[in-house]
Amino acid sequence: MNEVLNILGSIPWWGWIIIFLILVAIKDIFFSKEHIIKHNFPVVGHLRYFMERIGPELRQYIVASDREELPFNRNERGWIYASAKNENNYEGFGTNEDIYRTNYIFINNSMLAYKLEKDHPNSEHPYFIACAKVMGSFNKRQRPYRPASIINVSAMSFGSLSAKAVESLNEGCLLANAYHNTGEGGLSPYHRKGADVAFHFGTGYFGVRGDDGNFSLEKLIKLVQENPQIRMIEVKLSQGAKPGKGGVLPASKITKEIAAIRNVPLGKDVLSPPTHSAFNNIPEMVNFIEEIAEATGLPVGIKSAVGQLKQWEELASIMKKTNRGPDFITVDGGEGGTGAAPPSFADHVSLPFINAFTDVYKVFQKEEITERIVFIASGKLGFPAKAAMAFAMGADSINVAREAMMSIGCIQAQSCHNNTCPTGITTHNKWLQAGINVKDKAERVNFYFAKFKKELLEMTHACGYEHPSQFTMDDVDINLSDKNITMTLASTFGYHKSPVLFTSVQEHMDCPYLGGTYSKGKEVKTKEAETEDTSVYDTN
């Protein structure tokens, strides 16, 4: 034995490397049956798979240009990161965008901007932009709701996101007076940090699920009664990433905590079917919505990706004839992506936001009922110019998901579905989650929302308006692919949005149904990083 140890001890360090490489080569040549490259090119063939694995990172940080990447390019991510960190998010020396590319948008400013007087609410509250419509007012719900922020966190569930990520988003929404959508994973303790909550459920009915796996109205009533921060209920019909497709939550990812929140068994895969068991058609869906609204007193709406329009037309017709139906509609663009999905679905099923929203809006406009619905837009709209476009098209509010994730540190590693997220945002790995400082990340959410609202408000004033709801389809031009022709949204999509009833921002501030903390006198003061001039009103 000593002789063997002496022989091994006499081998130099480089000898061990050679031995290791020889063993790898033997494995590749004689035992590697699944990879031709490794067999034909032992040892060096491993470099091919290593480079493939780190390829996204190489392209993201070294190869790709600032405007080249998808789904979010480096400039877009940089603006979110700088805003969230309360850094100067300006750019110098002019735009580096290709302003002649297809679908590029231009906001048509006014010759004279809207003048903000010193006694205007936005002089004291420069980040206050509430929704111009009140959810549930037309249908006379017992607890109508006016969101205090026109930008809010979209549906992302605990389970898909880590506990610390959800907690950071909720505390950030509290600071920003925004609401936080739970996603279909149920209401977790991490959603209960003080922000307004949109309770969202899908075909799995997690959180309001009976022992038989079907929807339980009794559980929903109890949940709403015990959690007054729930201000609205959203029924998910489909999502942009994978409309019409169910999902499976594998048993390996179901912890005791997740099982308790979702009311699912431990040790078994849990199916989210592609269709609802609580209703089978549009009339039954309307009855389902009304039953929930009557039992809870809350505004109830639907979320859906968009493709065929026949059932949308049926819904609009029923709403027109009966004065019943959803209080709000969330239109999710096909470019949505927080949910893992097969490429065939993510790339090809459902329309992108700009086509989806215009198609749906025109259906309800034809029936002359747009004023009773709060239209929520979702699909890469977490940038002021894109939001202005959405408001011009008829949106009343926007939801952001991936942009909110980036504000708390997401680096677009695109490993959300592998439980290996390096930033701890979409993984249950405790070590990776340990890097999330909830207080710091909550402040970053607040700063991102604050700077977003500030820039959107400044764009609104530049166009001569007091509130984004006043944007019209003629206020935005879009490049078309045909010989670089530029046309207004109205000319491109063939409609003018219906005017939104708007009196003043002061009326929004005084609204008894206003969400957030403004009415409670607990508004958080946000101090911005200084640029040349960060004021949003005339200080003279």
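1. A polar contact of 3.1 Å links the side chains of Lys133 and Asp396; a polar contact is a pair of N or O atoms within 3.5 Å, where, within protein, one must be able to donate a hydrogen and the other to accept it, and residues adjacent in sequence count only if both atoms are side-chain atoms. The model is predicted, so local features need pLDDT of at least 70 and side-chain atom pairs count only at pLDDT 80 or more, while totals for chains, interfaces and linings use all residues. Side-chain values use heavy atoms, with hydrogens and water left out, and residues are numbered from 1 along each chain as its sequence is written.

2. Lys133 is located in the loop between helix 6 (121-124) and strand 2 (151-153). Helices (H or I, at least four residues) and strands (E, at least two) are DSSP runs, numbered from the N terminus. With a relative accessible area of 12%, Lys133 is buried; buried means under 20% relative accessible area, exposed over 50%, and partly exposed in between (1.4 Å probe, protein chains only). Not counting residues up to four places away in sequence, Lys133 touches Asp396 and also Arg146, Pro147, Thr370, Glu371, Ile373, Val374, Phe375 and Val500, contact being defined as heavy atoms within 4.5 Å.

3. The chain as a whole contains 19 helices and 13 strands. Of its 540 residues, 53% are buried. Among the contacts with a separation of 6 or more, 70% are between residues 24 or more positions apart.

4. Lys320 belongs to helix 11 (residues 310-322) and is partly exposed, with a relative accessible area of 36%. Leaving aside neighbours within four places in sequence, Lys320 is in contact with Glu367, Glu368, Ile369 and Arg372. A polar atom of the Lys320 side chain lies 3.3 Å from the backbone oxygen of Glu367. Lys320 and Ile369 are 49 residues apart in sequence, yet their C-alpha atoms are 6.7 Å apart in space.

5. Two packed helices are described by the angle between their axes and the distance between the axes. The axes of helix 5 (residues 74-84) and helix 17 (residues 438-462) come within 7 Å and cross at roughly 110 degrees. Axes are lines fitted to C-alpha atoms, for helices over the stretch in contact, and angles run from 0 to 180 degrees between N-to-C directions. Helix 5 and helix 17 are therefore roughly perpendicular to each other (angles under 35 degrees count as roughly parallel, over 145 as roughly antiparallel, 65 to 115 as roughly perpendicular and the rest as oblique).

6. Which residues of helix 5 and helix 17 meet? Trp79, Ile80, Ser83 and Ala84 in helix 5 meet Glu443, Arg444, Phe447, Tyr448, Lys451, Phe452 and Glu455 in helix 17. The residues of this contact between helix 5 and helix 17 comprise 6 nonpolar, 1 polar and 4 charged; Ala, Val, Leu, Ile, Met, Phe, Trp, Tyr, Cys and Pro count as nonpolar, Asp, Glu, Lys and Arg as charged, and the others, Gly among them, as polar. The buried residues of helix 5 include Trp79, Ile80, Ser83 and Ala84.

7. Most residues other than glycine have a negative phi. Asn86, which follows helix 5, has a positive phi of about 60 degrees although it is not a glycine. Asn86 counts as buried, at 16% relative accessibility. Lys380 also has a positive phi, near 60 degrees; this residue lies in the loop between strand 10 (374-378) and helix 14 (384-393) and is buried, with a relative accessible area of 17%.
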